[in-house]
Structures are given as C-alpha cells and as structure tokens.
Amino acid sequence: MRRVWRVADVRAAEAGLMATLPPGTLMQRAAAGLARRCALLLADRGGVYGARVLVLAGSGDNGGDALYAGAHLARRGAAVTALLLTSGRAHAEGLAALRAAGGRVADRPPATVDLVLDGIVGIGGTGGLRETAEQLAASLTGQRGRDGTPATVVAVDVPSGVAVDTGHVPLTDAGRPRAVRADVTVAFGALKPALVVGPAAELAGEVELVDIGLTPWLRGTPALQVIEQTDVADWWPALGASSEKYTRGVVGVATGSATYPGAAVLSVAGALAGPTGLVRYAGSAKDEVLHQHPSVIATGRVADAGRVQAWVCGSGLGTGEDSAAELRAVLAAPVPVVLDADALTLLVDGKLADRLRGRDAPIVVTPHDREYARLCGEMPGEDRVAAALRLAAWMNAVVLLKGDRTVIGTPDGRAYVNPTGTPVLATGGTGDVLAGLLGSLLAAGLAPERAAAAAAYLHGLAGREAARGGPVTAPDVAAALRPVLARLG
C-alpha cells in the first residue's frame with residue numbers, strides 16, 4: 001500500500017531533512033523532478049524547444065518550485081512566461097533563476113500556451129483560491145497550445161486551492177471549484193490526502209510522486225493508505241491440492257425479497273465471483289436465485305441455512321418485522337457479517353444498533369452517503385476519512401463508505417482509500433454485487449479491513465471493465481468480476 005501523509009507530518013519531515021542539507025537543496029530536488037515531468041509532457045506536444053510555458057507563481061515555496069522548474073525548461077529552449085500572483089512577493093531566488101535562464105515576467109497570460117505550471121499555493125493554503133486567482137484558474141480551460149489543443153496543466157505538489165488534509169474543494173457561488181483543475185500533479189516526497197480522496201482527487205488528475213529523500217523522515221501514523229493490486233493479490237486465498245468447497249469457506253446470503261428479487265440474484269452473483277467454495281442463500285427470492293444460480297443451496301430462512309463462515313444481509317431485504325427477524329438471526333450467528341442497504345435502515349428504525357456493540361465476531365457496514373446520514377444524523381461532510389472513522393468507532397465495525405473514492409475505516413483508527421472507483425458504478429444494484437463479493441472474502445478468512453479493501457478495489461475494476469462495452473448495469477459488473485479476478489492471479 002502507498003502511505004498518505006497529513007500536512008503537519010510532511011512539514012516535520014521536511015524540517016528534519018533540510019537540517020541535514022545545504023540551504024535550497026530540497027527545493028532544487030523538487031524543481032528538477034517537476035521540470036523532468038514537464039519535459040516528458042512537452043515531448044508529446046512537439047518537444048521542449050520552442051514550447052510555450054506559463055508559470056503561475058504565488059509568494060511561497062510552491063511558487064519557488066514552479067519558478068525554478070520554469071528556469072530548467074527555459075534553459076532547454078522553452079519560451080517561459082511567469083505570471084506573479086502577489087507582485088513584489090515572489091520567491092526571489094526562483095524568480096532570479098528564471099530571468100537568468102531567459103524567462104520573462106508578464107501581467108497576463110500569453111496568447112499561446114502549451115503547458116501551465118500551477119504554483120499559486122501549496123500545502124500551506126487554506127480556504128480555496130481568492131477571487132482573482134480563482135478566475136485565473138477557471139480561464140485555464142481556454143488556453144491553447146501551438147497545435148490548437150488545450151494547454152496541459154501541471155499542479156506543483158497539490159492543485160492550488162484544495163483542502164490538503166481532507167480533499168475538500170470549496171466552491172464559488174456559481175458552483176465552480178475555487179481550485180485549479182490539473183491534468184497532472186507532481187507531488188514531492190509524499191502523497192497528501194487531497195491527491196487520493198474527496199473531490200480534490202479528481203482535480204489532481206494523474207499523480208506522479210517525485211522522490212526528494214523525504215521517506216526516512218516521515219514518522220508516526222499516516223492519514224490513510226491507498227490500496228494497490230499487489231496488496232489484493234497477496235491477500236487472495238491460495239488453492240491447494242487438498243482444497244474443497246468447505247475448506248474454501250461457505251458464505252450465507254440473506255438478501256432480496258418478493259418485491260426485490262434482483263437484489264438477491266445480484267448479491268449471490270457477487271458472492272459466487274469471490275474465493276469461497278459454496279454459497280447458501282436464505283430468503284423469499286430463492287426460486288429466482290436458483291433459476292439464475294443453480295449451484296447455490298437455497299432455503300427460505302436464515303435459521304434453516306446451515307453452517308456458514310460469514311453472512312451478507314440487507315440488499316433488498318425489506319424493513320418489515322420478518323426482515324428484522326432475519327437480521328436478528330444473522331447478528332446472532334458467531335461469524336463475520338456484512339450489513340448493507342435495508343439492514344442499515346433496520347439498525348436505525350428497528351433500534352438494533354445496540355446489538356452490534358456486544359458482538360464478538362467482526363462486522364462490516366457498507367453505507368453510501370444518505371445511509372451514513374441515517375446512521376449518524378448528518379452527512380459525511382468535508383472530511384470523508386474522519387467521517388468513516390467516527391462511524392467505525394461508534395459501531396465497533398469496519399465501515400466501507402461508498403463513493404467515487406471509497407473510504408474504509410476501522411474501529412482502531414486505520415483508514416484506506418480505493419483508487420479504482422468510477423462513476424459508472426452509480427447505478428442500481430452494483431452495491432448488491434459489492435456486498436456479495438465482500439461476504440465471500442470474509443468467509444474465505446480475510447480480515448475485515450482487507451476484505452473490504454479488496455472488494456472495493458475489485459468492484460471498481462469490474463465497473464471499468466464493464467464500461468468498455470457501453471452503458472453499465474449491475475449484471476454487467478457482476479459478469480466483469482470474473483475476467484478481473486482472472487487477471488489478478
């Protein structure tokens with residue numbers, strides 16, 4: 001996993017490293033890495049020589065990084081123009097280096113721009129861009145290069161204006177982000193939360209991490225960790241010569257109803273795609289489940305299902321007394337459970353939340369934002385990581401807070417973010433597939449946080465796979481899990 005660090009931790013690490021280096025060394029390292037990435041981007045637009053580069057420079061070190069990088073590009077023949085957002089307060093050494101390399105300062109952007117360097121404000125910024133800077137950021141979409149295509153925008157460390165520790169993006173009255181939208185962000189030394197979570201992650205574009213020697217100085221607990229495919233592959237249960245359906249794990253699925261039989265079919269499909277050897281279905285949609293999935297053992301009630309290693313409960317279950325009774329039966333079982341959709345409603349309306357606290361076996365809950373609000377009395381808000389962790393501590397459960405960048409929080413304060421999310425999954429039934437896959441991973445023996453992280457990661461990949469064929473439905477996502485899992489191994 002890739003670790004993600006808060007601003008205070010990054011600042012402390014920078015201070016420790018700079019104390020061991022000659023003055024200015026760290027900025028030079030950052031600027032060199034930034035200039036290298038810009039040169040590679042310009043190579044795709046006709047080369048560095050003759051390229052038109054605009055440097056947006058604020059007054060801090062972020063502006064200094066951008067000015068020094070502009071100097072590197074100017075020495076390679078680029079026509080570099082700097083626009084200083086705080087006249088008279090630009091980074092003096094960086095500005096001198098740019099001028100010495102042939103760069104110039106202007107009070108407005110040139111007519112033709114191939115690449116924009118966003119050095120307005122870095123990790124010390126708060127509250128979004130001020131009006132003048134925000135209007136300038138909004139105008140970047142109109143900048144065109146020598147070939148007539150939009151200018152490539154490169155953010156220095158983070159897109160200017162985002163809330164670095166939370167990923168929140170303030171908006172103007174007109175609903176525009178008060179922040180720069182970058183095509184590429186070149187991060188120095190460490191990933192920051194705004195690059196991987198919240199609406200700021202979308203503004204960051206493609207993120208490249210430049211090593212400036214900071215890693216040994218990053219200490220303490222990271223803000224969160226980013227799931228990678230190698231993690232999921234390492235966690236995946238291995239099959240051996242002695243493996244059989246029961247040793248691989250048995251997952252119980254208590255979902256769906258006469259009103260919503262599709263939820264049962266889809267959650268079972270997700271469970272069948274996972275690593276377990278057997279799926280037991282318990283519910284009133286058993287006929288539809290057996291018609292679609294004849295390998296499943298189906299009964300009408302949880303009490304009649306037989307032994308399982310984990311339960312999935314809630315998708316399409318309904319919220320009547322019969323449904324509440326099934327949820328109580330699931331919670332009484334001494335095995336891990338996944339609670340989704342209607343099960344979360346029943347926890348609130350049926351006043352069953354207190355049953356979770358005394359439970360020894362693990363619990364994973366999978367709310368989207370509105371379900372989170374029903375559980376907590378408020379929406380997740382600007383800091384989705386903190387929101388997931390609060391709910392995890394209160395429920396004593398692993399929380400999978402669904403969204404474009406799904407966040408997983410644990411009761412002991414660890415947080416993970418999934419990088420494979422896609423808007424195509426915002427359609428009915430895809431969450432049912434996710435819940436089934438998650439239950440299968442739990443039944444196969446994965447720790448709850450790993451099961452949640454792996455399920456979110458694979459579910460996102462399946463959404464992307466399904467989208468290749470056009471508009472996506474939940475059955476498409478369920479079917480796409482199989483090729484995704486085939487590539488995993």
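A crossing of two helices is left-handed if the near helix is turned anticlockwise from the far one by less than a right angle, and right-handed if it is turned clockwise. The model described here is predicted.

Two packed helices are described by the angle between their axes and the distance between the axes. Helix H8 (residues 261-273) and helix H15 (residues 430-443) have axes that come within 6 Å and cross at roughly 40°. H8 and H15 are therefore oblique to each other. Their crossing is right-handed. On the H8 side the contact is made by Ala263, Leu266, Ser267, Gly270 and Ala271, and on the H15 side by Asp432, Val433, Gly436, Leu437 and Ser440. Sorted by class, this contact of H8 with H15 holds 5 nonpolar, 4 polar and 1 charged residues.

The crossing of H16 and H17 is right-handed. H16 contributes Leu458, His459, Leu461, Ala462, Gly463, Glu465 and Ala466, which meet Asp476, Val477, Ala480, Leu481, Pro483, Val484, Leu485, Arg487 and Leu488 in H17. The contact of H16 with H17 has 11 nonpolar, 2 polar and 3 charged residues.

| Helix pair | Axes come within | Crossing angle |
|---|---|---|
| H8 and H15 | 6 Å | roughly 40° |

Strands of a sheet pair through backbone hydrogen bonds, either parallel or antiparallel. In this structure, 11 strands form an open sheet with mixed pairing, in the order S1-S9-S18-S17-S16-S15-S14-S13-S10-S11-S12. The edges are strand S1 (2-4) and strand S12 (297-299); each has a single partner strand, so one side of each is left without a neighbour in the sheet. From one strand to the next the twist averages 20°.

Helix H10 (residues 321-332) packs on this sheet and touches S10, strand S13 (310-313) and strand S14 (337-339), and its direction makes about 145° with that of S14. Helix H16 (residues 448-467) lies across strand S15 (363-365), strand S16 (398-401), strand S17 (407-409) and strand S18 (415-417), and runs at about 15° to S16.

Strand S11 (residues 278-282) can be followed residue by residue. Is S11 largely enclosed by the rest of the structure or exposed? Of its 5 residues, 5 are buried, so S11 is largely enclosed by the rest of the structure. In a regular strand the side chains alternate between the two faces of the sheet. In S11, Leu278, Arg280 and Ala282 point one way, Val279 and Tyr281 point the other way, and all are buried.

S11 pairs in the parallel sense with strand S10 (residues 250-254) over 4 bridges, and with S12, also in the parallel sense, over 3 bridges. Arg280 of S11 stands opposite Gly252, and Arg280 also stands opposite Ile297 in S12.

**The sheet of 7 strands**

Another open sheet is formed by 7 strands in the order S4-S3-S2-S5-S6-S7-S8, with parallel pairing. Strand S4 (104-106) and strand S8 (206-210) are at its edges, each with a single partner strand, so one side of each lacks a neighbour in the sheet. The twist here averages 25° from one strand to the next.

Within this sheet, strand S2 (residues 52-57) pairs with strand S5 (residues 115-119) in the parallel sense over 5 bridges. Val53 has Leu115 in S5 as its bridge partner. Helix H3 (residues 61-75) packs on the sheet, touching S2, strand S3 (79-84), S5, strand S6 (152-156) and strand S7 (184-188), and its direction makes about 150° with that of S5.

**Residues in loops**

Asp157 is in the loop between S6 and S7. Asp157 is not a glycine, yet its phi is positive, at about 75°. Its relative accessibility is 7%, so Asp157 counts as buried.

Ala341 lies in the loop between S14 and helix H11 (342-349). Its phi is near 50°, a positive value in a residue other than glycine. Ala341 is buried, with a relative accessible area of 17%.

Thr422 is in the loop between S18 and H15. Thr422 counts as buried, at 16% relative accessibility. Leaving aside residues up to four places away in sequence, Thr422 touches Asp404, Gly460, Gly463 and Arg464.

Technical notes:
Residues numbered from 1 in each chain as written. Predicted model: local features only at pLDDT ≥ 70, side-chain atom pairs only at ≥ 80, totals over all residues. Heavy atoms only, no water. Axes fitted to C-alpha atoms, helices over the stretch in contact; angles between N-to-C directions. Helix = DSSP H or I, 4+ residues; strand = E, 2+ residues; numbered from the N terminus. Parallel < 35°, antiparallel > 145°, perpendicular 65-115°, else oblique. Contact = heavy atoms within 4.5 Å. Nonpolar A, V, L, I, M, F, W, Y, C, P; charged D, E, K, R; others polar. Buried < 20%, exposed > 50% of the residue type's maximum accessible area, 1.4 Å probe, protein only. Pairing = 2+ DSSP bridges.
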